[in-house]
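The following exercises concern a single protein chain. Please study the sequence and the structure before reading each solution.

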Amino acid sequence: MKPNTTGVRRVINAAGYSLKGFKSAWLFEAAFRQEVTLCIIFSIVAFMLPVSNIERIMMIVSLLLVVIVELLNSAIEAVVDRIGDDWNELSGRAKDIGSAAVFLSLFLVFFVWVSILLDMY
């Protein structure tokens, strides 16, 4: 268990744990690396498009949501895999539900981007 800390030390520790999580996801999760790379590329594209600031924000937020959901999905998968390698219906269900969340976040990106791009023309 983590030692109890308070105040600024707690915030510093939390930031360190977050950085450790990003590093772990980058090293061990191919989907995370792919989605971060695409997030960066499409964010740059969003700044090149002739859209309003709010539309650009919506486009980028939808991309960041995919990365957030992928981190949560990867965490679910890591916990399930820690339990054991044997197949279990509940473990499979947990992984499938996490995957469905990633799929919905990707659909949201598609919906937001297509809606905004179609509105340009």
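**Exercise 1.** Is L64 buried, partly exposed or exposed?

*Solution.* The model is a predicted one. Step one is to locate the residue: L64 belongs to helix α3. Step two is to recall the cut-offs: under 20% relative accessible area is buried, over 50% is exposed, and values in between are partly exposed. Step three is to apply them: L64 has a relative accessibility of 42%, so L64 is partly exposed.

**Exercise 2.** Determine which residues form a nonpolar patch on the surface, and which elements give two or more residues to the patch.

*Solution.* The patch is formed by L64, L65, I68, L72, F107, L108, F110 and F111. Together these residues have about 770 Å² of accessible area. Two or more residues of the patch come from each of α3 (53–83) and α4 (89–120).

**Exercise 3.** State which residues UniProt lists under "binding site", and why they do not all gather at one spot.

*Solution.* The unreviewed UniProt entry lists R10, A31, F32, R33, Q34, E35, R56, E70 and S99. These positions span 90 residues in sequence, and the farthest two C-alpha atoms are 34.2 Å apart, so they do not all gather at one spot.

Terms used: Residues numbered from 1 in each chain as written. Predicted model: local features only at pLDDT ≥ 70, side-chain atom pairs only at ≥ 80, totals over all residues. Heavy atoms only, no water. UniProt positions renumbered as here; feature names shortened; annotations may be inferred. Patch = residues over 30% accessible without salt bridge, like charges linked within 9 Å, V, L, I, M, F, W, Y side chains within 5 Å. Areas by Shrake-Rupley, 256 points an atom, 1.4 Å probe, with all protein chains shown as cover. Salt bridge = Lys/Arg side-chain N within 4 Å of Asp/Glu carboxyl O. Helix = DSSP H or I, 4+ residues; strand = E, 2+ residues; numbered from the N terminus. Buried < 20%, exposed > 50% of the residue type's maximum accessible area, 1.4 Å probe, protein only.
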